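Subject: Structure handover and notes

Hello,

Here is the structure for you to open. My notes follow it, so please keep both side by side.

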Amino acid sequence: MASAAAIRVFGPLSVLLNGRHVDLGPPRQRAVLAVLLTAIGRVVPVQTIMDGLWGSEPPEQALASLHSYVSRLRKPISSWPLRDGARLEIQYRSPGYLLVAPPDEIDTARFEQLVHEGLEAARGANQAQAFSVLGSALDFWTAPPFEEFAEYSFASQEVLRLQKIRLTAIEQRAEAAFALGRDADVLPELESEVDRNPLEERLVSLLMRAQYRTARQADALRTFERTRHLLAEELGVDASPQLQRMHCSILRHDPSLHLPEEEHARSKAEPEIVTCAAEEWEPETMPIERKLLGRRRELRRLLAAASATRSGSGRTTVVVGEAGIGKTALLQRFTSMVGTVSDVITVQCPDAPGMPPYWPWARILRQALGVRPALTRSLSPETRRTLAQIVREFCPASAGTSPPDRDAPFAFALHDAITEALEILTHRPVVLVLENFQWADTSSCDFLRFLGGQLTRMRLHLVVSFRSFLVSHDPVLRATVAALLQQPGSELIRPEGLDQAETADLAATVLRESRAPDDEVSKALCERAEGNPYFILELARNFSHGTTPDDVPEMMPDSIREVILERLGAVPQEVRSVLDMCSVLEEGSDPAVLARMVSQAGLTSEALRAARRGDLLRVETGKQESIRFKHSLVRDVVRQELSEESVAEIHRRAVRSLVSQSPDPDAFAAPVTAHAGAALHRLPAENVLVPLIAEADRLAQGFAYGDALRCLALASSLIEDHSHDPNYLAFQLELLTRQGELSAVVHGAGAPATVAVHDRIDHIVRRLHGPRRWPVTTGDSTEQAGADPR
């Protein structure tokens with residue numbers, strides 16, 4: 001290594017001039033120099049320095065104190081010349097201060113320069129030089145940089161940037177070692193680095209390769225299994241495709257693993273160097289890849305909230321949408337874009353029974369320890385003991401842990417302790433993503449509500465996603481979402497379905513022709529899937545060369561059916577009953593009719609409202625308001641799950657509801673005919689038609705004989721198709737008798753309409769009892785024709 005640098009940032013901050021250590025003064029004065037060292041060669045505004053030293057609440061004399069610190073630093077650091085005769089200086093240049101120092105005299109700057117040279121050598125295929133130079137760069141890292149300033153946000157931010165550069169150097173040096181056949185030289189370093197960063201999949205892949213190339217295949221496979229388990233346990237995700245490919249290559253003894261010239265996907269790309277962690281970005285200028293279809297507006301809103309968080313104002317974004325609408329894809333793109341300027345912690349809540357209290361927050365705290373290992377040193381022993389109840393790593397060495405007492409005082413103490421840890425963590429902007437929080441336990445929801453009211457003190461962007469239906473019917477989740485949205489700086493994002501053009505583009509990604517379907521098929525696909533990306537992809541996978549627009553509405557892939565059934569399993573029985581009714585009714589149910597059916601079934605109106613809030617049903621307005629399924633796919637699955645008896649019963653309830661809705665028989669004749677006709681195939685006529693008979697009685701009592709007659713006529717007509725069934729004849733005879741009596745009143749006894757009714761009665765009597773005998777009168781005597789007169 002070359003001669004030592006005058007300014008040493010790795011480990012305790014020190015300045016060495018003429019062989020002597022310079023006294024840099026008290027801690028906050030030393031922190032001023034540290035702030036200037038995070039921006040070598042650039043002016044640091046006074047306000048930025050003050051924010052770095054005191055945060056958002058500086059003391060009244062902060063500016064005067066800053067000037068005093070600068071003045072006291074200037075003399076000692078310039079007291080002796082550097083090797084080239086120059087002197088260290090702190091100069092005022094509007095709007096702040098600049099540290100004038102040759103980069104060669106600052107160990108972190110020399111580290112970065114050597115890493116840059118090593119990466120350039122690797123790009124030029126000079127692997128020997130890359131291996132040597134990158135090794136020299138890593139030799140500078142004798143201790144964590146800015147170690148004594150861990151509680152300051154400016155230092156944490158710079159440390160994260162330098163750690164990323166170091167990780168890039170380690171990875172590229174390993175690639176160079178593979179090319180040179182020096183696998184054993186980097187294996188210990190890779191093992192220790194993976195121990196520190198067990199979720200860095202690129203690093204794990206390199207370690208597996210090194211283990212395999214040094215005849216440690218079993219160790220390589222164990223490394224993969226351990227990492228796969230950690231990813232599932234900590235993040236709720238599978239191993240990346242790159243890591244899975246490495247695993248498969250090792251299992252197959254792929255010869256390419258031994259080729260020195262082999263290049264992997266990431267080494268082909270230009271290695272990433274984070275040039276300045278404090279670099280600003282604007283949401284409007286961030287690149288948005290086309291593959292994230294239909295989410296530009298939502299992505300910009302997330303980026304805008306993250307930008308506001310960087311200025312010191314906490315934000316909450318609640319993302320609510322149905323399963324498959326693309327919440328996870330949106331959040332993955334968002335976190336990949338902000339990860340270079342903010343720490344990102346993501347936790348996936350699994351749908352698993354037996355989840356312990358505070359499970360998501362325990363995962364967050366464990367990840368926080370990975371991002372900020374010094375976090376525990378910044379907490380009081382009492383706070384650490386409280387946090388150790390859910391994360392044992394926080395336990396002070398001198399204390400043990402015991403099962404927590406879940407009473408209210410403990411809950412508040414734990415909430416306060418987690419909040420304190422997050423406040424320290426957010427000295428640098430942090431994006432905290434909680435996905436599928438509908439599966440979280442009640443205690444975790446309680447803390448989320450508590451945290452939502454504390455964000456004004458943090459540089460934290462809290463992003464929480466929920467499935468819409470589960471939020472709509474679970475009172476705890478509903479209260480949680482409401483509490484979050486009541487806080488300042490919060491907003492709600494509801495991703496909508498893709499439009500026809502976006503549907504076509506997405507379908508093209510899975511079609512064999514790799515091109516979008518034509519306009520008519522795309523339109524049918526968009527309507528069938530309602531723009532849901534998951535449904536679009538699954539339907540498109542079932543397309544063939546001959547798929548037409550008429551085929552799409554009839555498609556029901558098994559994959560979609562199983563997913564819908566799984567989702568319906570979480571629906572409360574009351575809501576499921578409402579869905580059953582809607583699936584049987586004609587498309588576009590009258591809200592009043594449906595409401596009556598819900599009431600008649602002994603259900604509450606809340607069940608109908610919950611189905612609407614949960615994106616299962618929707619209200620369409622037009623000439624006449626109607627309720628429809630949001631997804632025809634869901635409607636069809638619900639309908640297919642019903643037995644024929646259940647379907648007939650729903651039709652019967654529809655008859656009752658329609659009849660009670662309107663006093664005009666002509667208004668309900670058509671829909672009653674449809675529903676009663678379907679019900680009569682399974683249910684007795686007296687059960688199905690009793691509402692019509694009761695309505696006729698009610699109308700007759702009010703002297704509305706004409707309307708009463710129309711009700712009975714409708715009832716009689718509905719069982720005409722069943723006249724071959726003897727079980728219907730007696731009931732039909734009773735209906736016709738009452739109809740004949742009313743017809744005589746309305747039309748007259750000898751009117752054609754009344755005669756027609758009596759003819760029908762005569763026909764049924766003959767079927768039931770044989771020929772009917774009528775009396776024949778001659779003069780004063782009565783003769784019988786056939787049988788005795790009646």
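First, a term for what follows: buried means under 20% relative accessible area, exposed means over 50%, and partly exposed lies in between (1.4 Å probe, protein chains only). This is a predicted model: local features need pLDDT of at least 70, side-chain atom pairs count only at pLDDT 80 or more, and totals for chains, interfaces and linings use all residues. Residues are numbered from 1 along each chain as its sequence is written, and side-chain values use heavy atoms, with hydrogens and water left out.

Confidence

pLDDT is the predictor's confidence in each residue, from 0 to 100. The chain averages 82. A score of at least 70 is reached by 88% of the residues. Over residues 260-290 the pLDDT is below 50. That stretch still has 62 contacts in the model beyond near neighbours in sequence. Contact means heavy atoms within 4.5 Å. Residues 772-790 also stay under 50, with 20 contacts beyond four places in sequence. Where pLDDT is low, the predicted coordinates should not be read in detail.

Cys-349 is in none, and the nearest cysteine sulfur, that of Cys-445, is 8.5 Å away. Cys-349 counts as buried because its relative accessibility is 3%. Cys-711 is buried too, at 0%.

The parallel strands

Helices (H or I, at least four residues) and strands (E, at least two) are DSSP runs, numbered from the N terminus. Strand E9 covers residues 430-435. Six of its six residues are buried, so E9 is largely enclosed by the rest of the structure. Both faces are covered. Val-430, Leu-432 and Leu-434 are on one side. Val-431, Val-433 and Glu-435 are on the other.

Two strands pair if DSSP finds at least two bridges between them. E8 and E9 pair in the parallel sense over six bridges. In that pair, Thr-346 stands opposite Val-433 of E9. E9 also pairs with strand E10 (residues 460-467), again in the parallel sense, over five bridges. There, Leu-432 stands opposite Leu-462 in E10. The chain gets from E9 to E10 through helix H17 (residues 442-452), and this β-α-β crossover is right-handed. Right-handed means that, with the strands pointing away from the viewer, the path from the first strand over the helix to the second runs clockwise.

Asp-416 lies in helix H16 (residues 408-425). Asp-416 is partly exposed, with a relative accessible area of 40%. Asp-416 and Phe-447 are 31 residues apart in sequence and 9.3 Å apart in space, C-alpha to C-alpha.

The three-stranded sheet

An open sheet has the order E4-E6-E5, with antiparallel pairing. Its edge strands are E4 (44-45) and E5, each pairing on one side only. E5 and E6 pair over five bridges. Tyr-92 stands opposite Tyr-97 in E6. The loop between E5 (89-93) and E6 (96-100) contains Pro-95. A cis peptide bond joins Ser-94 and Pro-95, with omega about 10°.

Glu-105 is in the loop between E6 and helix H4 (107-123). Glu-105 is buried, with a relative accessible area of 7%. Not counting residues up to four places away in sequence, Glu-105 touches Ala-4, Ala-5, Ala-6, Ile-7, Leu-82, Arg-83 and Arg-110.

Positive phi

Phi of Asn-18 is near 55°, a positive value in a residue other than glycine. Asn-18 sits in the loop between strand E2 (14-17) and strand E3 (20-21). Phi of Tyr-358 is near 65°, also positive. Tyr-358 is in the loop between strand E8 (343-348) and helix H14 (359-371). Tyr-358 is buried, at 3%.

Helix H23

Which residues of H23 (residues 558-568) are buried? They are Ile-560, Arg-561, Ile-564 and Leu-568. These residues cover an arc of only 100° around the axis, which puts them on the same side of H23. The arc is that of the directions from the helix axis to the C-beta atoms. The buried residues of H23 pack against helix H22 (533-540), helix H24 (573-584) and helix H27 (632-640).

Best wishes

Definitions and conventions:
A disulfide is a pair of cysteine sulfur atoms within 2.5 Å.
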